[in-house]
Amino acid sequence: MRLARLVVRLRVPVVLGWIAIALCAALLLPAAPPPGSAPIGGLVARDAKALLAERADAERFGYPLLARTLLVQRSPDGLTDEAVARAIDRAARAATGREQDVVAALPVANHLPLAWAGERGTAVLTYLAFRPGLTLEQERGAAQRYVADAQPDDHVVGTTGISPVGLAEWNAIHDALPFVEIATVALIALVLALSFRALGPPLITLAAAAIAYLVSVRLATTLGNAVDKPVPTEAEPVVVVLLLGLVTDYAVFVLASARRELGGGARARDAVAAGLCRVGATVAAAGIIVGLGGIALTLGGLDFFRALGPALAIAVVVGLLVSLTFVPAATALLGRAAFWPSLGGPPILQEDRIAGGRLTTRLAALASRRASAAGLAALAVAGLVALALGLLGARLGLPSAAGLPDDAAPKRAAAAASLALAPGAVAPSLVTLEGTGLHRQGPALERLEGLIAREPGVAGVVGPIDGLPSPDRSPFVTPDGTGARLVVVLDAPPLGAEALDRIRGLERDLPGLVEQAGLRAARPAIAGDTALAAETIDGLVDDLKLIVGVALLVNVLLLAAFLRSLVAPLYLAAASLLALAASLGLTKLVFDDLLGHDGLAYYVPFATAVLLLSLGCDYNLFVVGRIWARARGAPLGEAIRDAVPRASHAITVAGGALAASFGLLAIVPLDAFRQLAFAMGVGILVDTFLVRTLLVPSLVTLVGEASWWPGGRRLLRAGLEEAPAEPARRRRALRRRAREPVQPPGR
């Protein structure tokens with residue numbers, strides 16, 4: 001209570017102080033960095049076998065055969081011999097060093113006798129390698145200069161590959177981010193204006209969100225740059241939406257509590273202080289849970305998650321501080337005018353106003369009786385388990401050209417390359433061999449090429465049999481015979497879940513194929529982005545188990561500290577975990593099974609797991625905390641019947657606003673963001689309307705008094721339930737009076 005009164009007393013310095021902090025952050029701290037240069041979004045395990053194999057192969061041959069940019073020339077009616085000759089001439093100029101930024105170019109024409117090519121004589125695919133140190137924008141410029149002399153009958157479709165696709169993704173995110181911000185702000189303003197029927201709450205909340213956004217994003221960027229882990233570009237919209245949604249959530253609880261006190265006739269300053277005292281501890285505990293959940297991401301083995309976790313935590317902490325200081329200070333500064341014009345009218349968004357009217361009251365009454373609570377809990381659990389079963393057979397992949405908008409140039413070029421050769425031609429894989437005397441084992445290498453070509457999922461292999469033209473020496477065998485390599489083209493788009501399954505199967509069979517070909521002394525390995533993605537995602541699955549386990553442990557410990565119980569946190573965390581599984585299962589059913597996506601994007605289950613687990617426990621605090629407070633002076637069933645309807649309106653508004661905010665991530669025109677928007681939006685709605693409304697109250701009823709173990713529940717006498725507006729000395733006096741023996745009449 002003292003802290004609440006202090007915030008109200010210092011309302012002017014608090015408001016001006018936060019405005020000054022935001023201005024200083026905007027003027028002095030760096031903005032978010034431009035799109036990065038990692039080939040597949042920073043998702044690279046530094047010690048990955050595929051990456052080490054690629055580097056070793058480049059050292060043995062003196063130049064890499066893999067390239068992450070592909071120039072596509074294709075005409076359905078066929079390319080002329082002159083167009084093919086010009087493509088080969090460009091590659092020769094790159095080999096002689098006349099093009100500064102393009103250090104190597106390998107043209108592959110489907111005019112060659114490639115039996116597995118989808119078409120014949122229609123295309124030339126030129127794989128471009130650039131000098132180290134170029135950004136993706138610089139690589140795109142170099143590719144444009146490389147083909148600047150193209151003639152109309154060269155039929156240049158464009159560039160594709162891992163790097164152009166990554167650049168297109170980042171540009172799509174940056175282009176859509178302002179629209180996400182504007183739409184989220186408009187949504188928050190509309191929801192709060194309609195819910196409070198006043199102008200002050202949306203203005204105060206949006207001002208708080210703007211301050212929190214400026215401070216947290218600039219601070220996260222500064223700290224990320226300081227430790228060489230900048231905030232991932234893919235994470236920016238998630239951080240923005242989470243921040244705006246959480247500030248709205250916490251502001252709703254603070255404002256609704258203050259509005260209730262004002263509606264009871266209290267002075268503005270006392271009402272704000274009392275309202276903040278009533279919900280402040282719960283809001284603080286909820287914010288800490290979400291913040292520590294973000295920190296749990298740092299346990300992942302990739303720099304992507306090690307940078308994303310602190311960024312989320314910083315956003316949550318700053319948003320929490322702004323919600324608990326700026327929002328009540330600004331409300332106290334405006335006084336009763338903050339809720340104009342509705343304050344004099346009927347009560348709205350108060351804790352005693354029931355969202356859903358009689359339905360909420362009836363559900364709370366059913367949940368408060370053991371017999372009906374068992375049925376409700378069984379029904380809720382059965383529904384969640386049924387949705388969670390959709391996770392069976394779930395597969396993870398990386399964002400690829402297929403996830404780009406239809407009008408994106410890399411997607412059109414990838415489609416043309418797939419028709420000309422095969423889908424895997426966009427980013428081929430490489431089988432490398434290390435040994436001795438390999439230049440004298442031509443027949444064995446040819447046998448290996450044929451064996452790999454017959455593997456499931458392999459569209460074709462390019463190697464010694466094909467004899468691609470080279471200006472000086474064979475690109476497949478080193479002159480000293482210490483290394484050999486084969487280019488493997490899969491029949492599925494690279495980085496997708498199907499391609500990852502294909503490359504895992506090839507890697508599993510490869511040692512046997514090498515031995516069968518007669519190359520027993522050679523040591524095989526697989527390089528390329530598909531192999532790198534498969535290896536990395538396999539490691540991510542183990543990371544996900546660790547991160548979810550740590551996030552659950554943190555949530556249980558914080559709930560135990562707040563609720564002073566060891567039993568209740570266990571079933572609350574289990575309910576949140578079940579809701580998470582249900583949301584991911586439904587996401588997989590919709591996008592993978594129904595819409596035909598090639599697996600879920602790798603970061604969807606990670607971000608969803610941490611955020612939904614933390615937000616689930618976060619929201620449970622508002623319901624269970626109210627039940628706990630009411631149960632101090634009433635039987636448990638009565639406490640549930642009273643507390644759940646009282647808390648439901650503010651919780652429903654907050655949860656609905658947060659779900660809609662995450663749903664606006666679908667504005668980003670990438671399949672991965674639409675998956676994340678769906679998973680988060682559905683997960684929050686499931687938690688808001690199913691878990692907290694039915695499952696949690698029913699579980700409290702079924703577990704009963706054991707929920708308070710080991711401390712037990714202390715029943716206060718009727719009429720002595722603590723009111724946050726009471727001064728501390730008054731509350732202590734009431735407790736002493738409750739312990740005094742009752743004097744018989746007449747004494």
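How exposed is arginine 140, by its relative accessible area? The points below take up this residue and then others.

1. **Arginine 140.** Arginine 140 is partly exposed, because its relative accessible area is 36%. (Buried means under 20% relative accessible area, exposed over 50%, and partly exposed in between, with a 1.4 Å probe and protein chains only.) This arginine sits in helix H5. Helices (H or I, at least four residues) and strands (E, at least two) are DSSP runs, numbered from the N terminus. Leaving aside neighbours within four places in sequence, arginine 140 is in contact with Leu167 and Asn171, where contact means heavy atoms within 4.5 Å. From C-alpha to C-alpha, arginine 140 and serine 163 are 8.8 Å apart in space, and they are 23 residues apart in sequence.

2. **What kind of model this is.** You are looking at a predicted model, in which local features need pLDDT of at least 70 and side-chain atom pairs count only at pLDDT 80 or more, while totals for chains, interfaces and linings use all residues. Residues are numbered from 1 along each chain as its sequence is written, and side-chain values use heavy atoms, with hydrogens and water left out.

3. **Confidence.** The predictor's confidence in each residue is called pLDDT and runs from 0 to 100. For this protein the mean pLDDT is 83, and 89% of the residues reach 70 or more. Please be careful with two stretches. Over residues 468-472 pLDDT stays under 50, and the model has 6 contacts for them beyond four places in sequence. Over residues 742-747 pLDDT also stays under 50, with 1 contact beyond four places in sequence. Where pLDDT is low, the predicted coordinates should not be read in detail.

4. The whole structure holds 31 salt bridges. (A salt bridge is a side-chain nitrogen of Lys or Arg within 4 Å of a carboxyl oxygen of Asp or Glu.) In one of them, the side chains of arginine 90 and aspartate 154 meet at 2.7 Å, N to O. Arginine 90 belongs to helix H4 (residues 81-95), while aspartate 154 lies in the loop between helix H5 (136-146) and strand S4 (156-160); the pair links distant parts of the chain, 64 residues apart. Both arginine 90 and aspartate 154 are buried. A network of salt bridges links Arg86, Asp89, Arg90, Arg93, Asp149, Asp153 and Asp154.

5. **Two further salt bridges.** Aspartate 101 and arginine 131 join their side chains in a salt bridge (2.7 Å, N to O). This pair, too, links distant parts of the chain, 30 residues apart: aspartate 101 is in the loop between H4 and strand S2 (102-109), and arginine 131 is in the loop between strand S3 (123-130) and H5. Aspartate 101 counts as buried because its relative accessibility is 11%, whereas arginine 131 is partly exposed at 37%. Aspartate 406 and lysine 411 form a salt bridge at 2.8 Å, N to O. Aspartate 406 has 66% relative accessibility, so it counts as exposed.

6. Rolling a probe the size of a water molecule over the atoms shows where empty space is left. On a 1 Å grid over the protein atoms alone, a cavity is a set of points where a 1.4 Å probe fits but cannot get out, and lining residues have an atom within 4 Å of a point. Grid points are joined across faces, edges and corners, and a volume is the space filled by probe spheres set on the points. The search finds 5 cavities of 30 Å³ or more. The largest cavity holds about 150 Å³ of space. It has 15 lining residues, and the closest to its centre are Leu106, Val108, Tyr127, Pro428 and Val487. S2 and strand S8 (483-490) are the elements that give two or more residues to this lining.

7. **Two linings.** By class, the lining of the largest cavity has 15 nonpolar, no polar and no charged residues. (Ala, Val, Leu, Ile, Met, Phe, Trp, Tyr, Cys and Pro count as nonpolar, Asp, Glu, Lys and Arg as charged, and the others, Gly among them, as polar.) The second largest cavity, of about 80 Å³, has 6 nonpolar, 2 polar and 3 charged residues in its lining. Among them are Glu54, Arg68, Gly161 and Asp529.

8. **Threonine 184.** Helix H6 (residues 162-196) contains threonine 184. This threonine is buried, because its relative accessible area is 0%.

Key. 1 Å grid on protein atoms, 1.4 Å probe; cavity = no way out; pocket = protein on both sides within 12 Å on 5 of 7 lines; lining within 4 Å.
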